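Dear colleague,

I am handing over the structure that we spoke about, and I would ask you to look through it before you read my notes.

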Amino acid sequence: MDLIEITGGNPLEGKIRISGSKNASLPMMIASLLTEEKVELSNIPNLSDVTTLIELMKSLGAAIEVDQTSDFGGKMTCVTKNILYTEASYDLVRKMRASFWVLAPLIARYGEAKVSLPGGCAIGIRPIDFYLSILKRMGVTLDLKDGYVYASVKSRLRSINFTLDFPSVGVTHFFLMMSSLAEGESVLKNAAKEPEVEALAEMLNKMGAKITGHGTNTITITGVPSLTGTKVNVPPDRIEAGTFAIAVSATGGEISLDSVNSDEIDVLLNVLEQSGVEISRSKKNLKISADRKRNSPVNISTAPYPGFPTDLQAQFMALMAIANGTSVIKETIFENRFMHVQELARFGANIKLKGDTAIIEGIERYNSAPVMATDLRASASLIIAALSAKGKSTIRRIYHLDRGFDKIEKKLRSCGAVIERKED
Ligand code: EPZ
């Protein structure tokens with residue numbers, strides 16, 4: 001297994017092109033199974049989650065070609081004339097929770113599916129009760145046994161009105177895909193408003209779906225009998241952009257982020273400004289400058305979009321752990337998303353946990369340490385700590401990092417970081 005070795009202490013200086021969004025690519029790739037025509041996606045990031053999903057889609061009968069040779073994003077074409085197999089196995093679904101969403105095209109196009117219960121990052125219980133209620137209400141017969149969901153429906157899916165107890169991103173994606181091919185008008189209330197939901201809805205509309213209200217909390221979908229092929233560009237990854245913005249805030253220096261949607265990380269940028277970082281923003285570019293003074297502490301609470309993203313909580317904690325004072329971070333989305341705390345402690349961080357809240361006493365500076373990544377975003381927080389620590393740190397279990405950060409070492413190295421991947 002590989003590890004990453006970082007000799008910290010250098011400021012980050014340079015320019016980084018932000019890759020296509022992981023969390024937009026995955027539902028967009030799955031949506032290409034909804035049609036028998038050709039779908040072309042560009043700006044696909046080069047990530048292990050993308051590779052896992054391609055493998056899964058191929059196993060269902062999709063013909064997929066991928067070209068990941070360009071530094072300006074990958075291209076994928078997908079043709080699924082017929083869904084040939086309707087089983088998404090444990091081996092493929094356990095690696096990534098989003099795989100579970102293939103249930104939508106399988107049931108909508110084929111009327112039958114056997115999909116393993118999902119896995120993914122161990123950041124909480126992550127139930128699937130909303131998915132199951134939607135399936136049942138749309139007329140699908142369900143059986144849960146031996147770790148699989150067996151689903152079948154005899155006729156076209158029924159349209160429904162559904163109110164989510166919580167604006168779940170995945171369930172909103174799932175609802176959009178299912179109801180686009182259902183009979184009649186469906187309405188989703190308390191829907192997620194994340195930009196990735198908007199990206200999926202816009203792609204589906206280009207495929208002939210009739211979706212309105214995406215980006216607000218009520219989405220209306222009029223089902224159509226079939227969808228067509230399309231050509232779309234995956235939007236930039238707001239979490240990757242936010243991670244680099246936090247990294248330079250911790251190390252000091254100045255980086256320019258190209259190909260970003262600055263508005264989508266407004267909440268983070270405001271918090272960074274409050275902590276003393278200078279930011280100049282235009283629509284597609286961000287310049288972030290931080291001197292090597294310690295940042296001021298800022299309290300945050302994660303929340304659904306447009307609130308502070310849970311996917312940036314670990315990275316922001318790594319910054320607050322070396323701030324000049326005490327800060328409080330509350331995690332409201334996932335109940336177990338604090339596994340980075342014990343690893344940050346190895347760098348010397350002083351963080352106490354009380355339920356869903358972390359109380360962080362800023363320390364002067366991190367020391368170097370050997371640490372272990374516990375989940376995807378936690379691994380980015382360890383990279384940030386190692387970049388700002390004095391001396392050489394090693395980060396193990398970096399397969400978590402490869403799920404969601406495209407060419408991260410190359411990008412950081414181009415900004416002066418001393419970072420290397422090695423065999424353990
Ligand atoms: C998506 O996960 C993202 N994954 C996550 O990113 C992200 O952290 C999360 O949304 C929140 O923004 C992808 O897009 C692939 P949810 P998802 O359903 O859809 C509860 C990363 O690091 N819930 O919005 O799985 C659930 O337990 C990843 O890139 C139910 O109770 O998250 C959680 O508390 C990790 N019942 C809350 O909703 C259900 O049936 C929000 O989760 C479904 C969800």
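This is a predicted model: local features need pLDDT of at least 70, side-chain atom pairs count only at pLDDT 80 or more; totals for chains, interfaces and linings use all residues.

Residues are numbered from 1 along each chain as its sequence is written, and side-chain values use heavy atoms, with hydrogens and water left out.

The secondary structure of the chain comes to 14 helices and 24 strands, these being DSSP runs numbered from the N terminus (H or I of at least four residues for helices, E of at least two for strands). The radius of gyration, taken over C-alpha atoms, is compared with a globule rule of 2.2 Å times the number of residues to the power 0.38; the chain has 21 Å, close to the 22 Å that the rule gives for 424 residues, so it is as compact as a globular protein of that length. Of the 424 residues, 57% count as buried, where buried means under 20% relative accessible area, exposed over 50% and partly exposed in between, with a 1.4 Å probe and protein chains only.

The axes are lines fitted to C-alpha atoms, for helices over the stretch in contact, and angles run from 0 to 180 degrees between N-to-C directions. In α1, Lys-22, Leu-26, Met-29 and Ile-30 meet residues of α2 that include Leu-53 and Ile-54, contact meaning heavy atoms within 4.5 Å.

In the other pair, α6 (residues 169–180) and α7 (residues 195–206) pack at an angle of about 10 degrees, with axes 10 Å apart, and are therefore roughly parallel to each other. Among the residues making this contact are His-173 and Leu-176 of α6 and Leu-200 and Leu-204 of α7.

Finally, Thr-357 lies in strand β21 (residues 357–361), and at 17% relative accessibility Thr-357 counts as buried. Leaving out residues up to four places away in sequence, Thr-357 touches Val-328, Ile-329, Lys-330, Phe-338 and Lys-352.

How values were computed. Angles under 35 degrees count as roughly parallel, over 145 as roughly antiparallel, 65 to 115 as roughly perpendicular and the rest as oblique.
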